[in-house]
Amino acid sequence: MTRPVSLTFEINGFVPDPGGGTRAGFSATGEINRLHFGACTNPPIAGLASDKVHLQIEAEAVLRTQQ
């Protein structure tokens, strides 16, 4: 099952890498309700799992220049 998820996106910065390129860091955060994706316990067990799932993504990319 797929659904759109809204994320807050942040650019953490750009730094030179040892190979002469440039690296960029990014962060994204958001929250989903696991029940909207069919992830539930049957029968529900109170306190076992929250319905809300916090997402935190950290990514790094190497930028390329046109040759």
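Mentor: Before we start, one cut-off: buried means under 20% relative accessible area, exposed means over 50%, and partly exposed is in between. Also keep in mind that this is a predicted model.

Trainee: Got it. So is Asp-51 buried, exposed or partly exposed?

Mentor: Asp-51 has 34% relative accessibility, so it counts as partly exposed.

Trainee: And what does the side chain of Asp-51 meet in a salt bridge?

Mentor: That would be Arg-34, with 3.6 Å from N to O. Both residues sit in the loop between β2 and β3, so the bridge ties together parts that are 17 residues apart in sequence.

Trainee: Is Arg-34 buried or exposed?

Mentor: Buried, because its relative accessible area is 14%.

Trainee: How many salt bridges does the structure hold?

Mentor: Three. Another one pairs Arg-23 with Asp-17, where the closest N and O atoms are 3.4 Å apart.

Trainee: Which residue is Glu-60 bridged to?

Mentor: Arg-23 again, with the closest N and O atoms 2.9 Å apart. That pair links distant parts of the chain, since Glu-60 is in strand β3 and Arg-23 in strand β2, 37 residues apart.

Trainee: OK, zooming out. How many helices and strands are in the protein chain?

Mentor: Zero helices and three strands. Going from the N terminus, the order is β-β-β.

Trainee: What share of the residues is buried?

Mentor: Of the 67 residues in the protein chain, 13% are buried. The chain exposes about 5700 Å², and carbon and sulfur atoms supply 55% of that.

Trainee: Which residues make the nonpolar surface patch?

Mentor: Phe-9, Ile-11, Phe-14 and Leu-63, for a patch of about 430 Å². Strand β1, residues 8-16, gives the most to it, with three residues.

Trainee: And where is Leu-63?

Mentor: Leu-63 is in strand β3, which covers residues 52-63. With a relative accessible area of 40%, Leu-63 is partly exposed.

Trainee: What about Phe-9, buried or exposed?

Mentor: Exposed, because its relative accessibility is 55%.

Trainee: Switching to rings: how many aromatic pairs does the structure hold?

Mentor: One. Phe-9 and Phe-26 are stacked, 5.5 Å centre to centre with 25 degrees between the planes. The pair links distant parts of the chain: Phe-9 belongs to strand β1 and Phe-26 to strand β2 (residues 22-33), 17 residues apart.

Trainee: Why quote both a distance and an angle?

Mentor: Because a pair of aromatic rings is described by the distance of the centres and the angle of the planes.

Trainee: Last topic. Where is Val-5 found?

Mentor: Val-5 is in the segment before β1. Its relative accessible area is 33%, so Val-5 is partly exposed.

Trainee: Which residues does Val-5 touch, leaving out those up to four places away in sequence?

Mentor: Ile-32, Phe-37 and Leu-55. Take Ile-32: C-alpha to C-alpha, Val-5 and Ile-32 are 7.2 Å apart in space, and they are 27 residues apart in sequence.

Trainee: And across the chain, what fraction of contacts joins residues at least 24 apart?

Mentor: It's 46%, among contacts between residues at least 6 apart in sequence.

Definitions and conventions
Residues are numbered from 1 along each chain as its sequence is written. This is a predicted model: local features need pLDDT of at least 70, side-chain atom pairs count only at pLDDT 80 or more; totals for chains, interfaces and linings use all residues. Side-chain values use heavy atoms; hydrogens and water are left out. Helices (H or I, at least four residues) and strands (E, at least two) are DSSP runs, numbered from the N terminus. Buried means under 20% relative accessible area, exposed over 50%, partly exposed in between (1.4 Å probe, protein chains only). Contact means heavy atoms within 4.5 Å. Accessible areas come from the Shrake-Rupley method with a 1.4 Å probe; for residues, only the protein chains shown count as cover. Patches are made of residues with over 30% relative accessible area and no salt bridge: like charges are joined within 9 Å, nonpolar side chains (Val, Leu, Ile, Met, Phe, Trp, Tyr) within 5 Å. A salt bridge is a side-chain nitrogen of Lys or Arg within 4 Å of a carboxyl oxygen of Asp or Glu. Rings of Phe, Tyr and Trp (its six-membered ring) pair if their centres lie within 6.5 Å; planes under 30 degrees apart count as stacked, over 60 as edge-to-face and the rest as tilted.
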